[in-house]
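Please look over the sequence and the model shown here before reading on.

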Amino acid sequence: MSQKVLLSSKDIHIILHRLACQLIENHLDFKNTVLIGIQPRGKFLADRLIKILQEEYQVKDIQLGYLDITFYRDDFRRGDKTLEANKTQIDFLVEDKKIVFIDDVLYTGRSIRAALTAIQSFGRPAEIELLTLIDRRFSRHLPIQPDYRGRQVDAINEEKVKVMWKENEGEDVIYLVSN
Amino acid sequence: MSQLSVNHLLGIKYLNEADIQLIFETADHFKEVINRPIKKVPSLRDITIANLFFENSTRTKLSFELAEKRLSADVINFSAAQSSVKKGETLIDTVNNILSMKVDMVVMRHPNPGAGIFLSRHIDASIVNAGDGAHEHPTQALLDTYSIREKLGDVSGKNVVIVGDILHSRVALSNIFALKLQGANVKVCGPMTLIPKYIETLGVEVETDLKKALKWCDVANMLRVQNERMDISYFPSTREYTRQFGVNKKMLDTLDKEIVIMHPGPINRGVEITSDVADSKQAIILNQVENGVAIRMAVIYLLASKIKN
């Protein structure tokens, strides 16, 4: 197994600030916008973006939720193990809100398809956008593309993109892992 | 990721502590789901479940059916009252006929103890025991202990007394197994005629004085007096039973602590507990009903994940 660094801590820092700025350009004061981190890994990215928006760009009162998609996935019973759920935490109404889905890696698009179904359990949003840190293009199974992307990556199917966060794994770094 | 150690839920006796924790954690997620505006998830849309009720039940059947529908499973219902069982068909033939319709899971209530175990040895589908005679009622025990955990934070170390007709109660037996497995201290309390011999071998103590039992416990799980199961008289009169083993508000007020009151339903108001107790803040009877759906969703979800295409 070999792994090479795709993005260093410094690269990630720059990209996160750029993504935050792009969000501000489109949503201004976030009055009618809510951010939803897709569990489990989108949570870290969403938390980080909220921190930048609040601390460095003084955007106040942004609503943030976490959405678990386990029960909406189309591969239930296909793997060897039971799909284990994560916590969904959405304490606000999404009816007529603009939603930004946040996930770390966009690969086949199936997770986002599940998230689109799952969010309907909370109401009918006005519109939904997608923000991903890594966009693995050429790997899509479904016609789903991000509205905001940190970095586009060309990786073959055997390779894996591993996103590590300071809060969880001790450092900010993204690896491309191949067997 | 973890999964259940069993392919069927036949009784608490066949589960281990990790299984119960997994069911509880999964139920936590489903509890959140059933409090959403849209309470349905598509997880089990390719699964067909047959509810086979060879004995009457309203609330358990409703609870299972709701759980199955909220997971998007296809559901068929069978009740023995209007079926060919009356014409002399055997259990295996009845079930095999239903399974020929490509059913993946069977939820079965049967008047004979061990019916689910017998069936699991003869058919391929995953089986959930929804009560087999006076043997076990595992989902009730799971929802009861889940409700205790929700109310008191933990089951381990808590003192629980099960009051009433222990002899005829599958709820009592399953609860004893579930509570002991999770580290609770258990006593049973009731007329000696309704306490099975050798019950102490299950690691529980027998108490015939209700007041002493209430003083000792954190949770009192009141059982229904099952008149329909009593072929002979086990106590002189309902009035005497109520005087000896019924809980009323006055009794609870004399305790220097607040205990949790549970009841698997349906309640004989004024017999096992008075109305003011049943409707008090101490009673978690309606929480038990709500948790029942979440627990049954969790059990079905976890068992279904082991059924391969």
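At roughly what angle do the axes of helix α1 and α11 of chain B cross? In this predicted model, the axes of helix α1 (residues 17-33) of chain B and α11(B) cross at roughly 120° and come within 8 Å. The crossing of these two helices, α1(B) and α11(B), is right-handed. On the side of α1(B), the residues that take part in the contact include B:Phe24, B:Ala27 and B:Phe30, while the residues of α11(B) that they meet include B:Ala294, B:Ala298 and B:Tyr301. Sorted by kind, the residues of the contact of α1(B) with α11(B) are 12 nonpolar, two polar and two charged.

A pair of aromatic rings is described by the distance of the centres and the angle of the planes. Over all chains, a search of the whole structure finds seven aromatic pairs. In the pair of B:Phe30 and B:Tyr301, the ring centres are 5.5 Å apart and the planes stand at 75°, so the pair is edge-to-face. Because B:Phe30 lies in helix α1 of chain B and B:Tyr301 in helix α11 of chain B, the pair ties together parts that are 271 residues apart in sequence.

The next topic is empty space. Rolling a probe the size of a water molecule over the atoms shows where empty space is left.

| Space | Volume | Lining residues by kind |
|---|---|---|
| Largest pocket | about 890 Å³ | 11 nonpolar, seven polar, 12 charged |
| Second largest pocket | about 710 Å³ | nine nonpolar, 14 polar, eight charged |
| Largest cavity | about 40 Å³ | four nonpolar, three polar, three charged |

The largest pocket has a volume of about 890 Å³, and of the 30 residues that line this pocket, the closest to its centre are A:Pro40, A:Arg41, A:Arg73, A:Asp103 and A:Ser111. At least two residues of its lining come from each of β4 (98-106), α3 (110-119) and β7 (160-164) of chain A.

The second largest pocket has a volume of about 710 Å³, and 31 residues line this pocket, of which B:Arg59, B:Thr60, B:Arg109, B:Gly265 and B:Pro266 are the closest to its centre. Among the elements that give two or more residues to its lining are α2 (59-70) and α11 (285-304) of chain B.

How many cavities of 30 Å³ or more does the structure hold? The structure holds one cavity of 30 Å³ or more. The lining of the largest cavity includes A:Asp68, A:Phe71 and A:Tyr72 from chain A, together with B:His29, B:Glu32 and B:Arg36 from chain B.

Some points of the backbone also deserve a careful look. The peptide bond from A:Gln39 to A:Pro40 is cis, with omega near -5°, and A:Pro40 lies in the loop between β2 (33-38) and α2 (42-55) of chain A. In chain B, a cis peptide bond joins B:Gly265 and B:Pro266, with omega about -10°, and B:Pro266 is found in the loop between β9 (260-262) and α10 (275-278). Finally, A:Phe30, a residue other than glycine, has a positive phi near 60°, and A:Phe30 is placed in the loop between α1 (9-27) and β2 of chain A.

Terms used: Residues numbered from 1 in each chain as written. Chains lettered and ligands numbered in written order. Predicted model: local features only at pLDDT ≥ 70, side-chain atom pairs only at ≥ 80, totals over all residues. Heavy atoms only, no water. 1 Å grid on protein atoms, 1.4 Å probe; cavity = no way out; pocket = protein on both sides within 12 Å on 5 of 7 lines; lining within 4 Å. Points joined across faces, edges and corners; volume = space filled by probe spheres on them. Helix = DSSP H or I, 4+ residues; strand = E, 2+ residues; numbered from the N terminus. Nonpolar A, V, L, I, M, F, W, Y, C, P; charged D, E, K, R; others polar. Axes fitted to C-alpha atoms, helices over the stretch in contact; angles between N-to-C directions. Left-handed = near helix turned anticlockwise from the far one by under 90°. Contact = heavy atoms within 4.5 Å. Phe/Tyr/Trp six-rings, centres within 6.5 Å; stacked < 30°, edge-to-face > 60°.
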